[in-house]
Amino acid sequence: TDKQHQEAKVPVAIKVIDVNDNAPKFAAAYEAFVCENARSNQQFITISADDKDDSANGPRFIFSLPPEIIHNPNFTLRDNRGL
């Protein structure tokens, strides 16, 4: 028995319709200062960012504290959910 190997090659074109081509950007250049006699739990800076991509490209972005200070009781971060 003579078994013949069959093979077919077909070119395929892939069109990417949308990508995350706009990284989030801060709304302004931020720099914060805290006075040594500031009250506990006093808000001292509000930051915001903008993402020009459609929300369909993924979940909205979030802010977070770096791992080395995430459990430091002197710093907290509150998400105002765009308010």
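This is a predicted model: local features need pLDDT of at least 70, side-chain atom pairs count only at pLDDT 80 or more; totals for chains, interfaces and linings use all residues.
**Group meeting: contacts, surface and side-chain pairs**

Let me start with the contacts, meaning heavy atoms within 4.5 Å: among those in the protein between residues at least 6 apart in sequence, 36% join residues at least 24 apart. Residues are numbered from 1 along each chain as its sequence is written, and side-chain values use heavy atoms, with hydrogens and water left out.

As for secondary structure, taken as DSSP runs numbered from the N terminus, with helices being H or I of at least four residues and strands E of at least two, the protein has zero helices and two strands. Of its 83 residues, 1% are buried, where buried means under 20% relative accessible area, exposed means over 50%, and partly exposed lies in between, with a 1.4 Å probe and protein chains only. The protein exposes about 8,700 Å², and carbon and sulfur atoms supply 52% of that area, computed by the Shrake-Rupley method with a 1.4 Å probe, where for residues only the protein chains shown count as cover.

On that surface there is a nonpolar patch with about 790 Å² of accessible area together, formed by Phe-26, Tyr-30, Val-34, Phe-44, Ile-45, Ile-47, Phe-63, Phe-75 and Leu-77. A patch here takes residues with over 30% relative accessible area and no salt bridge, joining like charges within 9 Å and nonpolar side chains (Val, Leu, Ile, Met, Phe, Trp, Tyr) within 5 Å. One of its members, Phe-63, sits in the segment after strand 2 (49–50) and is partly exposed at 35% relative accessibility.

Which way do the rings of Phe-26 and Tyr-30 face each other? Rings of Phe, Tyr and Trp (its six-membered ring) pair if their centres lie within 6.5 Å, with planes under 30 degrees apart stacked, over 60 edge-to-face and the rest tilted, and this rule gives one aromatic pair. The centres of Phe-26 and Tyr-30 are 5.8 Å apart and their planes are at 80°, so the pair is edge-to-face. Phe-26 is exposed at 52%, whereas Tyr-30 is partly exposed at 31%.

Finally, the whole structure holds one salt bridge, defined as a side-chain nitrogen of Lys or Arg within 4 Å of a carboxyl oxygen of Asp or Glu. Asp-50 forms it with Lys-52, the closest N and O atoms being 3.2 Å apart; Asp-50 is partly exposed at 40%, and Lys-52 is exposed at 67%.
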